[in-house]
Amino acid sequence: MANGENVPGPILAADGRPLRQSLARALRLQKLRALMLIAPLLIFILVTFAAPIADMLFRSVENAIVPDTLPLTVAALEDWDDASGQPPGEKVFAALRRDLLAAVAAKAHTKLGSRLNYEQTGVASLLRKTGRRVKRMEEDGDLAAQFAEVHKSWADPETWATIKRFSSAYTSGYFLNAVDAKLGATGIEARPENERIYIFLFERTLLLSVVITVACLLIGYPVAFLLATLPMRTSNMLMILVLLPFWTSLLVRTSAWKVLLQQQGVINDTLVFIGLVADDGRLAMINNQTGTIIAMTHILLPFMILPLYSVMRTIPPSYMRAAKSLGATDWTAFWRVYFPQSVPGIGAGAILVFILSIGYYITPELVGGTSGTFISNRIAYHISSSLNWGLAAALGVILLVVVLVLYWLYDRIIGIDNVKLG
Amino acid sequence: MAALPPYASTGQKAWYWGFRLICVLIFFFLIFPLLVIVPLSFNPLPYFTFTPGMLALEADAYSMVNYNDFFTNIDWQNALYNSVRIAPVATLLSVSLGTLAAIGLSQSHVPFRGAIMAVLISPMIVPLIISAAGMYFFYSRIGLQGTYVGVVLAHAALGIPFVIITVTATLVGFDRSLTRAAANLGANPVRTFFKVQAPLILPGVISGGLFAFITSFDEVVVVLFVGSAGQKTLPWQMFTGLREQISPTILAVATILVVISICLLTTVELLRRRSERLRGMSPQ
């Protein structure tokens, strides 16, 4: 910067540097300082949260178990034409024998069996049985015949076609499974009628979420309207009635509904006492869709009321008065003047409730029975009971995409910076 | 809904009172489930409804047996111990990291602000079951599944969006000339932070911390997958209790939790008003 004095052009800062440079440096430092403050948290979130989500995305397409367990067989199958209608030749069987010997030693063949069983029923038992007998096979004998003797499926080209179809390290199989389809001999095909479940579950999740959102809107709108038009002191008092459920543990509220809605519960007892319902005709309000809808509407209601309220507070009451003084009836003034201005609040509340509701797990699990459960309950089932993690991941990814699209909409309409708590 | 004018017609009067009645019913719907469990938790019999004796307000129809069970049963005490062990540590993590980041985010020039914000808020947006599934897969890979550390990290991640949102909201109203004045008077950045900025943003930090605490304290889905029997928390114990044999002790626990949430709500409300007063806003 020594030549700074010689150049007449740029304005100089106190230390002799050109001002433009000096300012740019200050800005850079400022940016760097801001990033330094954010960095620890960003790294923390990336490791504890973003990496798990990425892992889930990866697991939904990962299929390394087949090429890892049967490397030689997969390579040998390359030359076999799965449309030929013939089982593959002796070379493939020899490769399979060596792969299986290694797999049995590593106890990996049962895992492979459960993986391929998702695509073709019966492969799990086939591999278990073959695993027990493969050591006794004679290497020089007719291997195809020996395998067919253990289990006739080895002579069936369909078995081999399945192995070949799922021999790559990545697969779309889980995603197809998640939308009730499968990769058949002729390409993507729908599963048989009696195996379809996920499309139905997705539909039910969306439908119930819509019902819950509408119920929250219908119940929440009058309350938000009342709170927004009452004097501040009164509305702050009443607001406590909305905030208390919001702050109370989810499980407390769910257990309260479980207690209230039971056949021998408080609501049924009261109805019987009043005489509205006969003692033997008690209403079934729990362990079905009714239970899910009632409990979740109650749980998500504050998420509808709070955004509605914050929008309605900003609507000047003079507009309604002006409309009335110009001759509008109460209804017209509300419907043509007030309501359109409250629409942003409806949008915010509805999207928020809908997003929260389609991913709900605890409440449907506890009060939903079998007819009131959501897709999330199925995901949990696949993780902890059926152990089909790939399918759980694929279902999770689909749900995540739906939520992210809605979230994007929410951001476009309201903006995430406007999220308010309490 | 202003007060009813004296010239209101009968229809208007009917609607005015009808509307209020509807609102009262809705408030009743909101609050009744929470209130009903309080008397029911004193029911000594293993039913979840009012016995005739309770309705007649007989003293011996009420009993503390469920509370006794909660305080003596080893399962419940373990669960309480685990909850108390996990939630504060997770809160501390999310508050310390979250406050730093919120201060960084509220600087005037932050590159990729939108993208960073989206990543930091994401634990609140992604459905819990998906977070739980992802964490279960990933934490079992790196050996954190079923450990205390794993659960604390997971809960800290879930609490962070709340800290970020409340603290950035407080910082929006923060007068930057105060820090400049402090620097001008010779305070270094650290001193400026602790003496000038921290006291002013403290209400936001505390209420963010309370949100983070309640998130961890109430959380059940993630701990269900990331934790193992050694990390069984209070909500987890309630969840198993509700799913399998529903024991009346749950109602006693629920009542205690309602009392705790009333305390938390009061604290947050007081903090909010204090913060608004400090920032010279009208007490709305």
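**Nonpolar cores.** I looked up the largest nonpolar core and found 158 residues in it; a nonpolar core is a set of buried Ala, Val, Leu, Ile, Met, Phe, Trp, Tyr and Cys residues joined through C-beta atoms within 7 Å. The residues with the most contacts inside this core are Leu300(A), Val353(A), Ala132(B), Ala133(B), Val222(B) and Val226(B). At least three residues come from each of domain 1 (12-59) and domain 3 (198-418) of chain A; the domain bounds are from an automatic or database assignment. I noted another core apart from it, with 24 residues, including Leu70(A) and Leu143(A).

**Basis.** The model is predicted: local features need pLDDT of at least 70 and side-chain atom pairs pLDDT 80 or more, while totals for chains, interfaces and linings use all residues. Residues are numbered from 1 along each chain as its sequence is written, and chains are lettered from A and ligands numbered from 1 in the order in which they are written.

**Ala133(B).** I listed its contacts (C-beta atoms, placed from the backbone, within 7 Å), leaving aside neighbours within four places in sequence. Among them are Met56(A), Ile379(A), Ile383(A) and Phe225(B).

**Interface.** I recorded 80 residues of chain B in contact with 77 residues of chain A. Helix 1 (residues 10-40) of chain B gives the most to the side of chain B that touches chain A, with 14 residues.

**Helix 14 of chain A.** Helices here are DSSP runs (H or I, at least four residues), numbered from the N terminus. Of the 24 residues, 19 are buried, that is, 20 or more other C-beta atoms lie within 10 Å of their own, against 12 or fewer for exposed and values in between for partly exposed, with C-beta atoms placed from the backbone.

**Positive phi.** Lys107(A), not a glycine, has a positive phi of about 55°. I placed Lys107(A) in the loop between helix 4 (90-105) and helix 5 (109-117) of chain A; Lys107(A) counts as exposed because it has 9 C-beta neighbours inside 10 Å. Asn287(A) has phi near 60° and lies in the loop between helix 13 (266-274) and helix 14 of chain A.

Terms used: Helix = DSSP H or I, 4+ residues; strand = E, 2+ residues; numbered from the N terminus. Contact = placed C-beta atoms within 7 Å.
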